[in-house]
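Here are my notes to read beside the model.

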Amino acid sequence: MTGLTKKLVCTASLAVALVLSLSGCGDDVGKVSLGLFTTKDVIIDARHDPKIPGVTCHISRIEADLSLADPSDMSISCRQTGPITAAEIANIDKSKNGEVVFKESLSILFKSLKVRRIYDKENQTLLYLSYSTKETNGSHKHALSTVPLYGTEAWIEPLNRN
């Protein structure tokens, strides 16, 4: 083996180990095969927001074990599944960029799925944006889900809404 070949094998082995180690990070809720003659499955994970445990996000994505296939397509749906308090909202990043709340490796090609929480102060809503970190077919794949604070302990009654 040449030095370059050894480096590529080492890098690929490390990437495979990373993918396999991160694939168990969520609560595996469902797994649907895409067919008899494929190794690809749709995986559905449940993730709780680490700073707002009353929010659960279900993320579906393609899993193609040890494949060079593009696993960029994903979907996200987040809902209130427990109490959300004003103290929890006070403790989150409220910048326009928000903060990454989940991150997972998607392939041996160093592609990641990230979920970022952004707070919409005017509408008192939490936005959860899932996106792929690598461009695919001229586009970064992404999906959006929202969790309104209305009806929670964190809701602040607007003074005048016209």
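1. **The lining of the largest cavity.** D45, R47, I59, R61, F102, K103, E104, L113 and V115 line the largest cavity. A cavity here is a set of points, on a 1 Å grid over the protein atoms alone, where a 1.4 Å probe fits but cannot get out, and lining residues have an atom within 4 Å of a point. Two or more of these residues come from each of β2 (40–48), β3 (55–64), β5 (99–105) and β6 (112–120). The biggest share is that of β5, with three residues. Strands are DSSP runs (E, at least two residues) and helices likewise (H or I, at least four), numbered from the N terminus.

2. **Where the numbers come from.** Please keep in mind that this is a predicted model, in which local features need pLDDT of at least 70, side-chain atom pairs count only at pLDDT 80 or more, and totals for chains, interfaces and linings use all residues. Residues are numbered from 1 along each chain as its sequence is written, and side-chain values use heavy atoms, with hydrogens and water left out.

3. How much space lies in the largest cavity? About 50 Å³, where a volume is the space filled by probe spheres set on the grid points, and points are joined across faces, edges and corners. The search of the whole structure finds one cavity of 30 Å³ or more. By class, four of the lining residues are nonpolar, none is polar and five are charged. For these classes, Ala, Val, Leu, Ile, Met, Phe, Trp, Tyr, Cys and Pro count as nonpolar, Asp, Glu, Lys and Arg as charged, and the others, Gly among them, as polar.

4. **The open sheet.** Four strands form an open sheet in the order β5-β6-β7-β8, with antiparallel pairing. Two strands pair if DSSP finds at least two bridges between them. At the edges are β5 and β8 (142–148), each pairing on one side only. From one strand to the next the twist averages 15°; axes are lines fitted to C-alpha atoms (for helices over the stretch in contact), and angles run from 0 to 180 degrees between N-to-C directions.

5. **Walking across the sheet.** Six bridges join β5 to β6, and here F102 stands opposite V115. Both F102 and V115 are also in the cavity lining. Eight bridges link β6 with β7, where Y119 faces L126. Between β7 (residues 125–132) and β8 there are seven bridges, and L127 has T146 as its bridge partner.

6. Seven of the nine residues of β6 are buried, where buried means under 20% relative accessible area, exposed over 50% and partly exposed in between (1.4 Å probe, protein chains only). V100, in strand β5, counts as partly exposed because its relative accessible area is 34%. The C-alpha atoms of V100 and V115 are separated by 5.7 Å, with the two residues 15 apart along the chain.

7. Is Q124 buried or exposed? Q124 is buried, because its relative accessible area is 8%. This residue sits in the loop between β6 and β7, in a hairpin with four residues between the strands. For context, most residues other than glycine have a negative phi.

8. **The second largest pocket.** Q124 turns up again in the lining of this pocket, together with A86, I89, A90, K94, Y119, K121, L149, A154 and I156. A pocket is an open set of points with protein on both sides within 12 Å along at least five of seven lines. About 170 Å³ of space lies in it. Helix α2 (residues 86–90) gives the most to the lining, with three residues. Seven lining residues are nonpolar, one is polar and two are charged.

9. **The largest nonpolar core.** This core has 22 residues, and V55, I89, L126 and Y128 have the most contacts inside it. Such a core is a set of buried Ala, Val, Leu, Ile, Met, Phe, Trp, Tyr and Cys residues joined through side-chain atoms within 4.5 Å. At least two core residues come from each of β3, β4 (74–80), β5, β6, β7 and β8.
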